[in-house]
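Subject: Structure handover

Hello,

Here is the structure I said I would pass on. Please look through it first; my notes follow below.

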Amino acid sequence: MSDPARRHTELVETLRRANHAYYVLNEPELTDARYDEVLRELQALESEHPELITPDSPTQRVGAEPSDAFPTVEHREPMLSLANVLEEGEFNDWLRRVREGLDGDLPELVCEPKIDGLALELVYEDGLLVQASTRGDGRRGEGVLSNVRTIRAIPLRLRVPEDENPPSLAVITGEVFISVADFIALNKERAAEGEKEFKNPRNAAAGSLRQLDPAVTARRPLRFLTYNLARAADYGLESHSACFERLRSWGLPVNHPVRRTAEPAAVRDYYEELLTRRTELEHETDGVVVKVDELALRERLGAVSRSPRWAVAWKYPPRRAVTRLEDIEVSVGRTGVLTPVAVLEPVTVGGVTVSSASLHNADEVERLGVLIGDRVLIQRAGDVIPEVVRPLVEERDGDERPFTMPDNCPACGRPAVRLPDEVAWRCVNADCPAQVRSRIFHFASRAGLDIEGLGPRVIDKLLEAGLIEDIADLFELAPEQIEPLEGFAETSAENLVDAVDAARGVELPNLIYALGIPNVGSTTARLLARRFGSLDALAAAGEDELTTVEGVGPTMAAAVIDFFAAEGNQLLIERLKAAGIEPTLEVEENASTGPLAGLTIVFTGKLSRPRGEYEEAARAAGADTASSVSGNTDLVVAGPGAGSKLDKA
């Protein structure tokens, strides 16, 4: 390469433009595959030329070292909370107080959606992101900069026009959230992996931002919208509307849709319009925020306690309804988890007919105190998942009956057990038909082998006809076996067999995910594939090797080891190999011949760069890295505060 620095600049700018186009303009200019390709080239270039790494490089969004606790950060400006009003009369009272504070003048107002997420303060110095913190008590919050750097919607450096200097200091506030669509997909993935589902997008976003390991945050689909620039007058701005334009010009995604008006009736119209369109927004919203637009008038109005007088949140009524809990059934997931499901008398909640709701587990049923036959209050939690809020105890007539978890699996009749340290009850019969069905669907899903046309209904037909009993049977299907099934003809049967046949060329990360190893999602599957290069190598890995993979701790390592140790899984993998499925992943040429080949290295203590960078460089030079010192350790690289690992070495 003739000029690494020039190429570095080109790659960084390409990724910055791509992030801005995707998260701010909503006009993607790179495919996911192309984005990953550019990012990999940049990572390789920085690995070869570490002097080129800058704090705002896109590679610095992930891989930061987990922290033991979040530091307390003093906000540059107080993060005030908003007063709430619940009906039009209360809004008119607020507007009257605003007029009185402005000697009867009717100010211009700005209306915007109230995002139901997590408030965040960003601090940029000379255009570079240097601090990020949660609201906390309004004066002090949690410092979450390492995690925020993983959110691609947030620029690490402001996109200031070439003919302008970046601001010496910019304090920006906004909201971190998970979109409704991403939340649904995230919960489906967690359910498929036997993990506890999030109750609503806001809790999911808050938990994701507060992860001690930024690598976990990086795997969550966090987004961001800004709605405030502190000390805007210092930039020559006179209104909130102008602040939005300035923030947008800096490459930040801005809250929308926004309406500016001086008519109270127009505010009411906006409120009602957004209420009817709230399901069309990418995020949850629980109301409308109304603000005085002119900044000088805000100064005149001031604040009371922790709330500004110049803004108010006009909240929406909750999406709730009352219906009858007709029964509680138990569903069986891919990993054997038994989940109680409320069977409800159908009722419309927020324009959607609800007839069932997850009760999560037996402990949740007990906590709620619901009985079968109860009249119950339900709500669409976060506008997405129906949930039972509480029973209406006062309406009981004595015919209600308690629910108890079954002693046996409802799908196969085998005993159900509650394992130590687990909330969930499980069916431990690996041949349980409900688990088999879920495993096959997981195997064929888009993140797995992506077998077109093999959805739940088709899987049910194949199982009922006795054509398949497990995953490997899919590769023995013939068109003449499928054609007699309802809904199939000669062409559709051949198409399904062709789709299964095409899946034999699956990539290793997809196959690892498709196997359904507990706790291993698609992201971890990619990391495992990149680390081990083949299914055989992964199957032979021990805990020390597995825990060198980003995000893999002792619990997940044990799950991987147990999976490959199970006789049934070994037989399944042999059958898949016999069917022509034995994918590999190209590994670095120097992985086995590099200068550190054969060595196991542990990095510990405070180092001059994030530990992950050293580990990746060591692996590129042929070494294995481990998170703990053992008899297999050849070298310990220790910085200040190394502690017990250095003592053990």
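Which residues line the second largest cavity? They are K199, S358, L359, H360, E364, L368, E387 and V388.

Before the rest, two notes on the source. This is a predicted model, in which local features need pLDDT of at least 70, side-chain atom pairs count only at pLDDT 80 or more, and totals for chains, interfaces and linings use all residues. Residues are numbered from 1 along each chain as its sequence is written, and side-chain values use heavy atoms, with hydrogens and water left out.

Cavities

A cavity is a set of points, on a 1 Å grid over the protein atoms alone, where a 1.4 Å probe fits but cannot get out; lining residues have an atom within 4 Å of a point. Two cavities of 30 Å³ or more are counted by this rule. At least two lining residues come from each of α11 (362-368) and β18 (385-391). Helices (H or I, at least four residues) and strands (E, at least two) are DSSP runs, numbered from the N terminus.

Second largest pocket

A pocket is an open set with protein on both sides within 12 Å along at least five of seven lines. The second largest pocket has a volume of about 1,300 Å³. It is lined by 47 residues, of which P78, L80, N228, P308 and W310 are the closest to its centre. The lining divides into 22 nonpolar, ten polar and 15 charged residues.

Strands

Five strands form an open sheet in the order β2-β13-β10-β3-β9, with mixed pairing; two strands pair if DSSP finds at least two bridges between them. Between β3 and β9 the pairing is antiparallel, over three bridges, and V110 stands opposite R260 in β9.

Elsewhere, β14 (residues 320-332) and β15 (residues 337-349) pair in the antiparallel sense over seven bridges. V330 stands opposite P340 in β15. These two strands form a hairpin with four residues between them, and G336 in the turn has a positive phi of about 90°.

Regards

Key
Points joined across faces, edges and corners; volume = space filled by probe spheres on them. Nonpolar A, V, L, I, M, F, W, Y, C, P; charged D, E, K, R; others polar.
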